[in-house]
Amino acid sequence: MKAVIRTRSLPGLLLALLLAALTMASPAAADTGVSTIGQALRKGPVYVDPASSGLSSADALAQRIKKADKPVFIAVLPAGYPTANLFRDLRTATGITGLYAIRLGDRFDARADSSVLSNTAVRNLVGSVQGEDAKTQLADFTDRALASMGGSAPASWGGSSDGGGGVSGTALIVAGGVLVAGGAGAYTLVRRGRRRREEEQRAALDKLRVVVDEDITAFGEELDRLEFHPAEAGADDAMRADYERALDAYEQAKTYMAAATKPEDVRSVTQALEDGRFSLAQLAARREHRPLPERRAPCFFDPRHGPSVADATWTPPGGASREVPVCAADQARLADGRDPMIREVDTDYGRRPYWDAGPAYGPWAGGYFGGGLLPGLLVGTVLGSMMATPSYASDYGTGYGDFGTGGFDGGDVSGANFDPSDFGGDFGGGDFGGGGDGGGGGDFGGGF
């Protein structure tokens with residue numbers, strides 16, 4: 001009887017063993033948990049789920065992100081993947097401050113810690129790539145994000161990419177060392193983060209130095225062309241005072257720049273130049289017996305043009321119209337339907353207007369326009385999106401705070417210590433990240 005029972009149960013036992021083996025062998029079942037995705041992203045910037053349609057350019061995309069040394073995390077998941085609290089749970093599982101983008105079937109959305117990139121900037125970036133195929137969409141999003149975000153790549157990525165979240169020996173050693181070291185490891189990470197911020201400060205200041213030196217030189221040339229002498233006929237005390245203030249501003253700008261050690265120090269340099277140019281405008285009015293000019297912001301398109309004379313309507317490419325202060329020459333160009341003379345600066349992606357050149361130029365522009373005015377002028381631009389958030393002050397400062405004070409920067413290990421509102425809620429109005437039209441429903445753009 002017992003032998004009969006064993007014989008009859010054998011097929012069921014074999015079936016159970018077969019199902020268990022298939023389950024263990026199925027990569028889709030093993031690799032779809034948020035914890036698994038988080039572990040993979042701690043080892044490399046791109047994760048492609050085995051059950052998704054795949055991404056042929058995953059390796060190249062991962063290498064591009066690593067080369068840029070930015071904390072961009074990309075996951076490609078199948079269309080049916082659960083979306084409830086996906087970003088928040090993934091950020092918790094990964095535990096690293098950064099920008100997280102997910103291609104889910106043919107839909108796409110992203111979230112970021114505000115210390116890395118503002119919600120407004122993320123929303124604009126996502127909207128700009130809707131409707132593209134996976135390869136183009138992820139490449140375009142990554143390139144545009146790398147040009148504007150802050151932070152550095154996490155140390156756990158090591159030096160190579162597997163494109164699909166595979167384990168590297170270096171990453172395992174680093175991760176294991178952190179776990180074993182405990183508190184000592186956390187202290188090491190903090191020290192590494194501080195050194196990284198110092199390196200970022202120096203790199204940003206080097207970029208700014210080129211632009212500020214150009215401004216100082218241009219102002220010095222204006223003084224040389226002035227042809228004014230304090231003892232000339234008709235000169236009075238008011239004229240001499242204007243001239244002296246302009247000369248003092250020139251010397252102050254040079255002194256401040258020579259002493260600058262971090263990006264926000266540049267703000268005092270451009271403030272001095274702005275003061276000097278206004279003094280020259282007053283001097284010119286006195287010499288020509290015109291009414292003294294009112295104190296206005298410099299020309300928005302290039303502060304070297306001097307104080308503005310009016311506000312004009314300007315619409316940036318792909319943006320909304322707004323009123324900006326303009327000099328007389330740019331006012332005439334806009335009235336004639338021509339492009340203004342825009343100040344461009346060098347970036348890793350070629351010459352760009354200063355408002356699209358990244359956060360390093362915030363202190364430079366803030367000194368000319370003041371912290372309260374500039375974000376409003378730059379709504380919808382890369383720099384404006386950054387300056388509109390409190391986290392901007394912790395990166396480059398424009399009167400809102402000091403560089404790198406407190407919090408976690410991009411690439412830092414923060415674990416679950418992050419602002420949940422950056423990764424959930426009604427971001428995008430509840431319909432963001434839908435299908436090819438940028439809309440669509442579900443909770444992909446709401447709770448996702």
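## Cysteines, rings and a hidden helix

Let's start with two cysteines: the sulfur of Cys-327 sits 3.7 Å from the closest cysteine sulfur, which belongs to Cys-299, and that is too far for a bond. A disulfide would need the two sulfur atoms within 2.5 Å. Keep in mind that this is a predicted model. How many disulfides does the structure hold? The count is zero. Cys-299, then, is in no disulfide, and its nearest cysteine sulfur is that of Cys-327.

Are these two cysteines buried or exposed? Cys-299 has a relative accessible area of 0%, so it is buried. Cys-327 comes out at 6% relative accessibility, so it counts as buried too. The cut-off behind both calls is under 20%.

Now for the aromatic rings. The structure holds 17 aromatic pairs. Here are two of them, side by side:

| Pair | Distance between ring centres | Angle between planes | Type |
|---|---|---|---|
| Phe-108 and Phe-141 | 5.0 Å | 75° | edge-to-face |
| Phe-300 and Trp-355 | 5.0 Å | 15° | stacked |

Why is Phe-108 with Phe-141 called edge-to-face? Their planes meet at 75°, so the pair gets that label, the cut-off being over 60 degrees. This pair links distant parts of the chain: Phe-108 is in strand S4 (residues 107-112) and Phe-141 is in helix H7 (residues 134-146), 33 residues apart. Both Phe-108 and Phe-141 are buried.

For Phe-300 and Trp-355, the planes are at 15°, so the pair is stacked; that label is for planes under 30 degrees apart. Here too, distant parts of the chain are linked, with the two residues 55 apart. Phe-300 lies in the loop between helix H11 (266-287) and strand S5 (310-314), while Trp-355 lies in the loop between strand S8 (350-353) and H13. Phe-300 and Trp-355 are both buried.

What follows H13? Gly-370 does, and its phi is positive, near 85°.

Notes
Residues are numbered from 1 along each chain as its sequence is written. This is a predicted model: local features need pLDDT of at least 70, side-chain atom pairs count only at pLDDT 80 or more; totals for chains, interfaces and linings use all residues. Side-chain values use heavy atoms; hydrogens and water are left out. Helices (H or I, at least four residues) and strands (E, at least two) are DSSP runs, numbered from the N terminus. Rings of Phe, Tyr and Trp (its six-membered ring) pair if their centres lie within 6.5 Å; planes under 30 degrees apart count as stacked, over 60 as edge-to-face and the rest as tilted. Buried means under 20% relative accessible area, exposed over 50%, partly exposed in between (1.4 Å probe, protein chains only).
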